[in-house]
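Please open the structure in your viewer and keep the sequence beside it.

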Amino acid sequence: MSHHMILLVMMSVCFCGFGSREIVTTNAAASPTAVKVMGNISQVEDAAYLRIYYGQTFKVIKNGFDGKSYLLIQNNSKMATKTKYCTSRIKSFVIPLANYSIDADYFPGLLGSLKGITSEYVSSECVLKLYNEGQIQLVNKTQPQELTQFAAHFIVNTDQPQSCNFATFLPMGEEAPLQKAEWIKYLGVFANLETRANQVYNVIKNNYMCLSKAATSRVAPYKPIVAWMSYNNGVWSFAKETYKLKYVEDSGGENIDNSINKVTYNISMPDDLEAFHAILCTIDAVIDETYTSDLLAYNASTFLQNLNVEDQSCFGFMANQSLWRHDKRIQKSIALDWYDGAISQPHLVLADLIEALFPSGNYTTTYFRNIAKGEGVVSISPEMCNRESSVPMEPSIVACS
């Protein structure tokens with residue numbers, strides 16, 4: 001089973017009958033009236049930059065990342081043929097989308113009506129399969145006219161010039177793991193598949209919360225200290241992104257003391273190297289995020305060489321063999337599933353970290369590999385797709401009690 005945001009809500013499958021919501025509308029001549037919208041709707045629970053509103057024949061998405069409002073008009077409504085917006089703040093789309101393309105740099109694999117990608121370097125095995133079969137075409141994103149053939153083109157770069165059919169999809173901009181995952185509802189709105197998106201997110205959230213509760217209530221004399229760190233041009237840095245720190249907390253670990261306000265260390269400077277060495281001696285587990293053009297050759301020896309520390313006797317993470325990287329699933333040594341499946345299924349990331357900090361020996365990690373034990377990568381290929389594009393895929397669930 002692949003691990004992608006795989007819109008587990010397929011554009012070709014319809015699910016209906018979830019909840020109801022009252023939408024308040026106003027006009028100059030009358031007091032506010034309640035319009036009850038029944039059926040297939042989504043309500044945002046956790047995401048900070050996403051809002052969804054409903055009318056009888058339309059929906060409005062307010063995207064906090066690009067400041068735009070997307071008016072989504074049902075294709076069987078009168079409004080669909082009469083209304084078109086394309087301004088700096090408002091865009092309109094007719095839904096469900098007839099087809100769409102994606103900016104494939106860091107974008108979860110979608111199926112159904114997906115017809116265009118901008119890069120071959122995607123980490124969804126099923127998208128690769130459809131591409132190899134000729135069902136998806138490769139389009140040049142530097143040629144905007146090639147993208148106008150699609151009803152929508154989803155992008156991650158909000159600074160680029162945008163055509164009328166461009167829509168921003170940026171779950172990685174959220175600060176917490178579950179906030180990122182909830183953007184599956186954004187995709188569901190464009191497909192009229194909110195019910196399916198709700199089901200998928202609820203399963204993921206419930207599994208995440210169960211795993212976190214079990215991990216954080218664990219009785220132990222101390223919590224293992226975890227550091228996310230990376231090396232670049234002679235400088236080591238400790239990561240401070242909120243979602244990474246949240247993962248550590250939710251897995252029962254402890255982040256590096258916040259009193260250590262210096263996050264970068266130049267190993268060519270003796271004072272920096274000494275201070276860096278001292279911090280390393282307090283760490284129980286390391287997640288090495290160092291960029292490398294050769295993932296297959298990067299190993300524990302590479303990491304230790306980059307540290308430039310002769311006395312490594314106090315390194316608990318080496319004694320415990322707890323030196324990890326999040327590049328286990330890759331495609332063509334470039335596309336990391338960390339930027340795809342890991343965003344859509346954060347409960348699997350959490351399960352990986354729990355196994356890293358509290359090894360059970362009976363769980364195989366999905367996104368993390370232990371280079372202290374010589375663990376290699378998993379190369380993603382089209383042959384790994386084991387389902388038809390018209391069949392909704394269920395998220396992987398980790399046993400939890």
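The stops that follow go from the whole chain to a helix, a sheet, some backbone details and the disulfides.

**Before you start**

This is a predicted model, in which local features need pLDDT of at least 70 and side-chain atom pairs count only at pLDDT 80 or more, while totals for chains, interfaces and linings use all residues. Residues are numbered from 1 along each chain as its sequence is written, and side-chain values use heavy atoms, with hydrogens and water left out.

**The whole chain**

Begin with the protein chain in a cartoon view, where the secondary structure comes to twelve helices and 21 strands; helices (H or I, at least four residues) and strands (E, at least two) are DSSP runs numbered from the N terminus. Of the 401 residues in the protein chain, 52% are buried, where buried means under 20% relative accessible area, exposed means over 50%, and partly exposed lies in between, with a 1.4 Å probe and protein chains only. Switch to a surface view, and the accessible surface of the protein chain comes to about 18000 Å², of which 50% belongs to carbon and sulfur atoms; such areas come from the Shrake-Rupley method with a 1.4 Å probe, and for residues only the protein chains shown count as cover. Among contacts (heavy atoms within 4.5 Å) between residues at least 6 apart in sequence, 63% join residues at least 24 apart.

**Helix H12**

Next select residues 346-357, which form helix H12. Its twelve residues should span 16 Å at 1.5 Å a residue, and the end C-alpha atoms are 17 Å apart, which agrees; the expected span is 1.5 Å times one less than the number of residues. Twelve of the twelve residues of H12 are buried, so the helix is largely enclosed by the rest of the structure. Among them you can pick out Pro346, His347, Asp352 and Glu355.

**A sheet of three strands**

Now select E19, E18 and E21, which in that order make an open sheet with mixed pairing; two strands pair if DSSP finds at least two bridges between them. The edge strands, each pairing on one side only, are E19 (335-336) and E21 (378-379). Strand E18 (residues 329-331) pairs with E19 in the antiparallel sense over two bridges, and glutamine 331 has alanine 335 in E19 as its bridge partner.

Stay here for serine 333, which is found in the loop between E18 and E19. Serine 333 has a positive phi of about 60° although it is not a glycine, and it is partly exposed, with a relative accessible area of 31%.

**Two further backbone details**

Most residues other than glycine have a negative phi, and most peptide bonds are trans. Move to asparagine 192, in the loop between helix H5 (184-191) and helix H6 (194-216), where phi is again positive at about 60° although the residue is not a glycine. Is asparagine 192 buried or exposed? Asparagine 192 is buried, with a relative accessible area of 16%.

Then select isoleucine 95 and proline 96, whose connecting peptide bond is cis, with omega near -5°. Proline 96 lies in the loop between strand E6 (90-95) and strand E7 (100-102).

**The disulfides**

Finally, show the cysteine side chains. With a disulfide taken as a pair of cysteine sulfur atoms within 2.5 Å, the count comes to four. With bonded cysteines counted along the chain, the pattern is 1-3, 2-7, 4-8, 5-6.

- Cysteine 86 is joined to cysteine 164, S to S 2.0 Å, and the torsion about the S-S bond is about -95°, so this disulfide is left-handed. The pair links distant parts of the chain, 78 residues apart.
- Cysteine 126 and cysteine 385 have their sulfur atoms 2.1 Å apart, and the torsion of about 95° makes the disulfide right-handed. Cysteine 126 lies in helix H2 (residues 125-132) and cysteine 385 in the segment after E21, so the pair ties together parts that are 259 residues apart in sequence. Cysteine 126 is buried at 4% relative accessibility, and cysteine 385 is buried at 10%.
- Cysteine 281 and cysteine 314 have their sulfur atoms 1.8 Å apart, with a torsion of about -50°, so this disulfide is left-handed. Cysteine 281 counts as partly exposed at 30% relative accessibility, and cysteine 314 counts as partly exposed at 28%.
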